[in-house]
Amino acid sequence: MGANTQAFGQIKEQLVEKNVSLVAVSKTKSDEDILALYQLGQRDFGENYVQELIGKYNALPKDINWHFIGHLQSNKVKLIAPFVHLIHSVDSPKLLAAIDKEATKNNRVINCLLQVHIAEEETKFGLNKDELAEILAQGSVPGKDYHHTNVVGLMGMASFTKDEVQLQKEFSFLKSLFDKYVNGGENKLSVLSMGMSSDYKIAMDEGSNMVRIGSLLFGERN
Ligand SMILES: *Cc1c(COP(=O)(O)O)cnc(C)c1O
């Protein structure tokens, strides 16, 4: 099937207008598909699986920014710590601690997003708002406890539904948390990662500044 370069052009146009950045979600897709968008200037790609990401990192140009967007186990952090650009899916204090430890070993600072649970489904990972408050609270502010992780924003996945009102509600909830911590002082949050192929327009209307789009760019996954 291959990458849909026409869709890429159209989506880019919509995003540039609103200053929204694009993570092209390439999980399960081939190196060739990734290179097709790379050749059009795309540098940010998102992956969900550690082993797959490592294979692609080794095979593909070194100026790609690799985003890790899937559920991440603490014991696998060391495998991606040498090169990962942004981890979107930090959903526990334990994982943040593991990232800081591995980043330290690699003499890097790793940028992270805290994943917030905004969907109705229980299956999706993420912090609730109290857990988020705790992890962002004084004392666990990276830069105090942690010198090798930077929490730069929030990420959320909305419910799997076509109900636009529901989607709006979930995205605007995340935006309100984002605003609260942006304005609230010590945490320098700037990235709000929300919106996928089916809901990115709604997410953008609700204030997203980073969307993660896979199937519209690369075709449906098996
Ligand atoms: C797969 C995935 C996406 C992209 O999904 P599409 O519907 O293919 O755009 C975005 N975010 C996360 C966390 C994903 O796992």
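For what follows, Ala, Val, Leu, Ile, Met, Phe, Trp, Tyr, Cys and Pro count as nonpolar, Asp, Glu, Lys and Arg as charged, and the others, Gly among them, as polar. This is a predicted model, in which local features need pLDDT of at least 70 and side-chain atom pairs count only at pLDDT 80 or more, while totals for chains, interfaces and linings use all residues. Residues are numbered from 1 along each chain as its sequence is written, and side-chain values use heavy atoms, with hydrogens and water left out.

I will start with the pocket. A pocket here is an open set of points on a 1 Å grid over the protein atoms alone, where a 1.4 Å probe fits, with protein on both sides within 12 Å along at least five of seven lines; lining residues have an atom within 4 Å of a point. Grid points are joined across faces, edges and corners, and the volume is the space filled by probe spheres set on the points. The largest pocket holds about 880 Å³. Its lining consists of 30 residues, and those nearest the centre are Lys124, Met157, Phe160, Met196 and Arg221. By class, the lining divides into eleven nonpolar, eleven polar and eight charged residues.

Which elements each supply at least two residues of that lining? They are strand S6 (149–157), helix H7 (164–183) and strand S8 (210–213). Helices (H or I, at least four residues) and strands (E, at least two) are DSSP runs, numbered from the N terminus.

Next, the cores. A nonpolar core is a set of buried Ala, Val, Leu, Ile, Met, Phe, Trp, Tyr and Cys residues joined through side-chain atoms within 4.5 Å. Buried means under 20% relative accessible area, exposed over 50%, and partly exposed in between, with a 1.4 Å probe and protein chains only. The largest nonpolar core has 61 residues, and Ile80, Ile87, Leu114, Leu132, Leu154 and Leu217 touch the most other members. H7 gives the most to this core, six residues. Apart from it lies another core, of seven residues, including Val23, Val152, Val191 and Met210.

Contact means heavy atoms within 4.5 Å. Leaving out residues up to four places away in sequence, Leu154 touches a set that includes Leu113, Leu114, Val116, Leu132, Leu174 and Leu177. Phe178, Leu189, Val191, Leu192 and Ser193 are also among the contacts of Leu154.

Now the aromatic pairs. Rings of Phe, Tyr and Trp (its six-membered ring) pair if their centres lie within 6.5 Å; planes under 30 degrees apart count as stacked, over 60 as edge-to-face and the rest as tilted. A search of the whole structure gives two pairs. In one, the ring centres of Phe45 and Trp66 are 6.1 Å apart and the planes are at 45 degrees, so the pair is tilted. Phe45 sits in strand S2 (residues 44–47) and Trp66 in strand S3 (residues 65–68), so that the pair links distant parts of the chain, 21 residues apart. Phe45 is buried, at 0% relative accessible area, and Trp66 is also buried, at 1%.

The pair of Tyr57 and Phe83 has ring centres 3.8 Å apart and planes at 10 degrees, so it is stacked. Tyr57 is in helix H3 (residues 50–59) and Phe83 in the loop between helix H4 (77–80) and strand S4 (86–90), so the pair ties together parts 26 residues apart in sequence. Are these two residues buried or partly exposed? Tyr57 counts as partly exposed at 22% relative accessibility, whereas Phe83 is buried at 12%.

The H4–S4 loop also holds His85. His85 is partly exposed, at 32% relative accessibility. Beyond four places in sequence, His85 touches Asp44, Asn65, Trp66, His67 and Asn111.

Two backbone points. Asn19 has a positive phi of about 60 degrees although it is not a glycine, and Thr28 has one of about 70 degrees, again without being a glycine. Asn19 lies in the loop between helix H1 (5–18) and strand S1 (21–25) and is exposed, at 69%. Thr28 lies in the loop between S1 and helix H2 (31–38) and is partly exposed, at 48%.

Last, Ser215, in helix H9 (residues 215–218). Ser215 is buried, at 18% relative accessible area. Its contacts beyond four places in sequence are Ser197, Glu220 and Arg221.
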